[in-house]
Amino acid sequence: MRKVRVAVVGCGKVSEHYLPHLQQSSVVELVAVCDPLIERAQRHAQAYSIEHAFQDIDQMLCEMNFELLVNLTPMPLHASFNRKALEAGRHVWCEKPIATDLKEAQVLLALAQQQGVGLWGAPSGPISPAFQSMAKVLSTGTLGQVYVAHGIFGWSGPTWPGSAWFYQKGGGSLFDLGVYNLTMLTGLLGPAHSVVAMAGTAIQERVIAGEIIPVEADDNTALILDHGNAVYSVIQTGFVYAAQRDDWTIQVIGTNGAMTMGGYAWSPRDVSIYIGDQMKASGQWETVWQGPDGYVFWGGATYIAECLAKGEKPLLSGEHAVHVLEVMLAALRAAKTGHRIQITSTFPWPLLKEGE
Ligand SMILES: NC(=O)c1ccc[n+]([C@@H]2O[C@H](COP(=O)([O-])OP(=O)(O)OC[C@H]3O[C@@H](n4cnc5c(N)ncnc54)[C@H](O)[C@@H]3O)[C@@H](O)[C@H]2O)c1
């Protein structure tokens, strides 16, 4: 199989996961890394035998020949870097979100189409075997009509040096964490038609590497999505969670049973189903899928490179990433105004791998 030449921009925390995963793929050739903190880029270049380290993305795009840019920069930089790469005719895999503004994201998607390249964004949950096993259960109708789903995930929030942007405008717990369950639940139940939400800043100041910073973005958020036909899902997330049970963080409930996912949307552990009407006749929860299975949340870029090498259409789509962004932005507006906000975008659905 042919190799795909890949360059990575942003050599921070998450790149420590991405780079070894990309490196172990037989179709990936890592050709360049870029970070304004050049010693970080050079360290990665040395550790992963990458020939070129750059300080500036424009220079990397101008001087290097590669097919896929993996964008691992802070969220507020995503849109402008994605645009540069697409304009230069490169495919892009971007950590979430692909932009922080809806119009900008739609323009990026149109630009990708115009350039004949792809734009894809994390989270990659729908390619996980856990998601696929849930999508398969839903496709068989075993649970009856599914009208209800829940997803919850939060933690106490980043504190590492350089993480202040998570709390500033363009950051926030919904964009950083809620995005995982939002991708899973829209992926399972289909596009959202409208959203209502609460989003607030519960803790006004954070300490990052010994420095007190004011918090501008949401750190506690709850959304209700309307997927049409009276199908509703509820998503909660935040940077105010000291702990939560993880025996189910996603629950999907139908008229003939229910299904739960243990672990987190970025690291699923198991999937269980209950067939029957619990209050009327006792049944049993049965595990229908159990990890570990090799899925890791940082595997999306490798998956895209492998699809490019095989000439296969990826299950993940830029349209889904734009849809999830629209829902997140609408949720923040809904929370501010107290209104229910209509969603206009959609994406190819259902997300069931062929042969699964
Ligand atoms: N940290 C995690 O565990 C994690 C998990 C999932 C997703 N993500 C996502 O990954 C992305 C990066 O997060 P992170 O935690 O690695 O952040 P980080 O702050 O640790 O790293 C970001 C890197 O980008 C670099 N950068 C800043 N400006 C740049 C520029 N102009 N050109 C090139 N590089 C630049 C920084 O120097 C830094 O090395 C974000 O979208 C985040 O949401 C992070």
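1. The ligand is surrounded by 22 residues, of which G10, G12, K13, V14 and E95 are the closest; a residue counts as near a molecule if its C-beta atom, placed from the backbone, lies within 6 Å of it. This shell is made up of 11 nonpolar, 5 polar and 6 charged residues. Here Ala, Val, Leu, Ile, Met, Phe, Trp, Tyr, Cys and Pro count as nonpolar, Asp, Glu, Lys and Arg as charged, and the others, Gly among them, as polar.

2. The model is predicted: local features need pLDDT of at least 70, side-chain atom pairs count only at pLDDT 80 or more, and totals for chains, interfaces and linings use all residues. Residues are numbered from 1 along each chain as its sequence is written.

3. Between the domains, 19 residues of domain 1 are in contact with 15 residues of domain 2, contact meaning C-beta atoms, placed from the backbone, within 7 Å. On the domain 1 side, helix 5 (102-115) and strand 6 (119-121) each supply at least two residues, and helix 5 gives the largest share, 5 residues. That side divides into 12 nonpolar, 5 polar and 2 charged residues. Helices (H or I, at least four residues) and strands (E, at least two) are DSSP runs, numbered from the N terminus.

4. The largest nonpolar core has 105 residues, and V6, L68, V195, V327, M328 and A331 touch the most other members. Such a core is a set of buried Ala, Val, Leu, Ile, Met, Phe, Trp, Tyr and Cys residues joined through C-beta atoms within 7 Å; buried means that 20 or more other C-beta atoms lie within 10 Å of the residue's own. Helix 9 (residues 318-337) gives the most to this core, 12 residues. Both domain 1 and domain 2 contribute at least three residues each.

5. Beyond its neighbours within four places in sequence, V6 is in contact with residues including L22, V28, L30, F66, L68 and A305.

6. Residues 4-118 are 43% helix and 21% strand, with end C-alpha atoms 14 Å apart. For residues 131-259 the figures are 21% helix, 36% strand and 11 Å between the end C-alpha atoms.

Definitions and conventions:
Two residues are in contact if their C-beta atoms, placed from the backbone, lie within 7 Å. A residue is buried if 20 or more other C-beta atoms lie within 10 Å of its own, exposed if 12 or fewer, and partly exposed in between; C-beta atoms are placed from the backbone. Domain bounds come from an automatic or database domain assignment.
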